[in-house]
Amino acid sequence: MRTVVIALVVVVAIAVSALVGALAASGGSSASSASEAALQQNADRWAIDRIEKKFHQATSRKDIDLMMSLWAPSATLTVGPGQTAAGKKEIRRFWLTKATVFKPESRWISDTPAYKIHITVNGDRGTLSFECHYIDLKTGKAWSITRADQEVARIDGRWLITSMVSGTAPLRP
């Protein structure tokens with residue numbers, strides 16, 4: 001499956017490169033500018049969507065380094081009233097000491113329904129919202145369902161989480 005995804009990403013990258021090259025060769029018409037803007041918007045949405053995928057991969061595998069690679073240096077994480085971690089050092093400490101999903105005894109996998117992912121892009125800033133459904137591997141039952149609302153930004157060419165507010169979410173379609 002991973003090979004198929006990598007192959008798909010390569011094909012998309014080649015197609016985007018070819019399209020950008022063709023647009024650049026066609027001159028500076030407003031139609032090509034609009035096409036370039038639409039391409040950039042789609043590329044940004046794809047990059048922001050990767051944050052969600054890596055987030056759930058990190059929690060499922062208890063990969064704190066992958067989790068921390070998603071955060072801007074001065075990011076904040078709010079998990080309840082009066083419970084805000086500021087900066088990567090505090091956010092890392094939260095994941096390792098307070099988040100049940102990173103505890104060694106929890107055997108959860110993390111998933112999110114695709115239709116519950118919402119992304120916006122406005123230049124170098126955007127938003128990402130999703131639900132986390134944590135499933136106990138032993139019982140197959142949903143153990144925890146949370147919501148994550150994030151602000152993201154392009155920093156040094158990479159999309160990163162700058163702010164996240166998390167809370168419980170009811171299970172519903």
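View 1. Strands E1, E5, E6 and E7 and helix H4 each supply at least two residues of the lining of the second largest pocket. This is a predicted model, in which local features need pLDDT of at least 70 and side-chain atom pairs count only at pLDDT 80 or more, while totals for chains, interfaces and linings use all residues. Residues are numbered from 1 along each chain as its sequence is written, and side-chain values use heavy atoms, with hydrogens and water left out. Helices (H or I, at least four residues) and strands (E, at least two) are DSSP runs, numbered from the N terminus. E6 gives the largest share of the lining, five residues. Of the 22 lining residues, Phe94, Trp95, Ala99, Thr146 and Ser166 lie nearest the pocket's centre. The space in this pocket is about 370 Å³, and its lining has 13 nonpolar, seven polar and two charged residues. A pocket here is an open set of points on a 1 Å grid over the protein atoms alone, where a 1.4 Å probe fits, with protein on both sides within 12 Å along at least five of seven lines; lining residues have an atom within 4 Å of a point.

View 2. Look along residues 87-97 for the buried residues of H4: Gly87, Ile91, Phe94 and Trp95. Buried means under 20% relative accessible area, exposed over 50%, and partly exposed in between (1.4 Å probe, protein chains only).

View 3. Six aromatic pairs turn up in a search of the whole structure. Rings of Phe, Tyr and Trp (its six-membered ring) pair if their centres lie within 6.5 Å; planes under 30 degrees apart count as stacked, over 60 as edge-to-face and the rest as tilted.

**View 4. E6 pairs with E5 and with E7.** Strand E5 (residues 125-136) runs antiparallel to E6 over eleven bridges, and Gly126 has Val152 in E6 as its bridge partner. Five residues separate E5 and E6 in their hairpin, where Gly140 in the turn has a positive phi of about 75 degrees. E6 and E7 are antiparallel over ten bridges, with Ala148 opposite Ser166 in E7. Two strands pair if DSSP finds at least two bridges between them.

**View 5. Lys62 and Asp156 are two non-glycine residues with a positive phi.** Most residues other than glycine have a negative phi. Lys62, with phi near 55 degrees, is found in the loop between helix H2 (30-61) and helix H3 (64-68). Asp156, with phi of about 50 degrees, is in the loop between strand E6 (142-155) and strand E7 (158-168). Lys62 is partly exposed at a relative accessible area of 25%, whereas Asp156 is exposed at 78%.

Conventions:
Points joined across faces, edges and corners; volume = space filled by probe spheres on them. Nonpolar A, V, L, I, M, F, W, Y, C, P; charged D, E, K, R; others polar.
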